[in-house]
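Please open the model in your viewer and keep the sequence panel beside it. The tour below moves from one selection to the next and says what is found at each stop.

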Amino acid sequence: MVSKEVELLNKLGFHMRPAQLFMEKVNEYNSTVLVSRDGNEKIDASSILGLLTLGIEKGDKFIIEVSGGDEVEALGGLLELVNSKFGED
Amino acid sequence: MNISELMQGKMISVDLDASTRDDCIEKLIQNMMAEGYVTDMAAYREAVYEREGKGTTGVGFGFAIPHGKSSGIKKAGLAFAHLKTPIEWNSFDGKPVSIVFLIGVPDKDTGNEHLKILIALSKQIMHEDFQNKIFNAKTNEEVLEILEAI
């Protein structure tokens, strides 16, 4: 398992479009991805609704936890997506 | 957040007759317009379709949450529809859509109200109990009662 804490950078927060892009990125890999914040319940990142319920806003930090055969690549891909602000402002 | 406060009279339709996604969106926009939430229908419509163009808003379980942030919206509002017959929405789980929540927020959404509404709705839609209650609500009052209680 690999994990990393990241900060959400895009202005509008983790709304539906970022959640969708995140989920699509997760599906590019075979690993299982869990997302959590503030020590709360870990959410399966293959569910768009689950991701939305996290309510992550700009500046919030959250943890991405990846387990599986391609976990390093998956975590790298997801970090890149978050840091790219999902192509937003 | 009390999302029932974002809805007024005509913005709740428990038996909406819509044959396609676009037909449904159009009718819900008109309902928001009728209640004074929309000042520029063309601008708001464009925002909603631009969002749909980026990827489906069919979140699964038979629910869709189309949304748009626009200068054509006077104040944050939420329109609800339970469709007479389910329609195709290219949903994440492939299921046709029966329940639609259309969100409209003003361009200058300083409090990130859009995200708050999405979170509030998502939290409920994940629960089977909420899904069943909303599917079985027969009147506007019942819909409001369910949404007030969340």
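Since this is a predicted model, begin by colouring it by pLDDT, which is the predictor's confidence in each residue on a scale from 0 to 100. Chain B has a mean pLDDT of 94, with 99% of its residues reaching 70 or more, and the model as a whole scores ipTM 0.77 and pTM 0.90.

**The interface**

Select the residues of each chain that are in contact with the other: 20 residues come from chain B and 18 residues from chain A. The area buried between the two chains is about 1500 Å², and carbon and sulfur atoms give 72% of that area. Within this selection, highlight Phe92(B), Leu115(B) and Met126(B), which supply 31% of the area that chain B buries against chain A, more than any other three residues.

Now show secondary structure on chain B, where strand S4 (67-70) and helix H3 (113-125) each supply at least two residues of the side that touches chain A. The largest share of that side, seven residues, comes from H3(B). Coloured by residue class, the side of chain B that touches chain A divides into nine nonpolar, seven polar and four charged residues. Turning to specific pairings, there are zero salt bridges between chain B and chain A, while three residue pairs are found in polar contact across the interface.

**Inside chain B**

Next, centre on Met32(B), which is found in helix H1 (residues 21-34) of chain B. Is Met32(B) buried or exposed? At 0% relative accessibility, Met32(B) counts as buried. Beyond its neighbours within four places in sequence, Met32(B) is in contact with residues including Met11(B), Tyr44(B), Ile73(B), Leu78(B) and Leu102(B).

Arg21(B) is partly exposed at 25% relative accessibility, whereas Glu52(B) is buried at 6%.

Then select Lys27(B) and Asp23(B), which form a salt bridge with their closest N and O atoms 3.4 Å apart. Because they are four residues apart in helix H1 of chain B, Lys27(B) and Asp23(B) are separated by about one helical turn. Both count as partly exposed, Lys27(B) at 28% relative accessibility and Asp23(B) at 22%.

**Inside chain A**

Move to Ser36(A), which lies in strand S2 (residues 32-36) of chain A and is buried, with a relative accessible area of 8%. Leaving aside neighbours within four places in sequence, Ser36(A) is in contact with Glu41(A), Lys42(A), Leu54(A), Phe62(A) and Ile63(A).

From there, step to Asp38(A), placed in the loop between S2 and strand S3 (43-44) of chain A. Asp38(A) has a phi near 55°, a positive value in a residue other than glycine. The side chain of Asp38(A) meets that of Arg37(A) in a salt bridge (3.7 Å, N to O); Arg37(A) counts as buried at 17% relative accessibility, and Asp38(A) as exposed at 62%.

End at Lys85(A), in the segment after helix H3 (71-83) of chain A. Lys85(A) also has a positive phi, of about 60°, although it is not a glycine, and at 32% relative accessibility it counts as partly exposed.

Note on methods
Residues numbered from 1 in each chain as written. Chains lettered and ligands numbered in written order. Predicted model: local features only at pLDDT ≥ 70, side-chain atom pairs only at ≥ 80, totals over all residues. Heavy atoms only, no water. Contact = heavy atoms within 4.5 Å. Buried area = accessible area lost by both parts, 1.4 Å probe. Salt bridge = Lys/Arg side-chain N within 4 Å of Asp/Glu carboxyl O. Polar contact = N/O pair within 3.5 Å; in protein donor to acceptor, adjacent residues only side chain to side chain. Nonpolar A, V, L, I, M, F, W, Y, C, P; charged D, E, K, R; others polar. Buried < 20%, exposed > 50% of the residue type's maximum accessible area, 1.4 Å probe, protein only.
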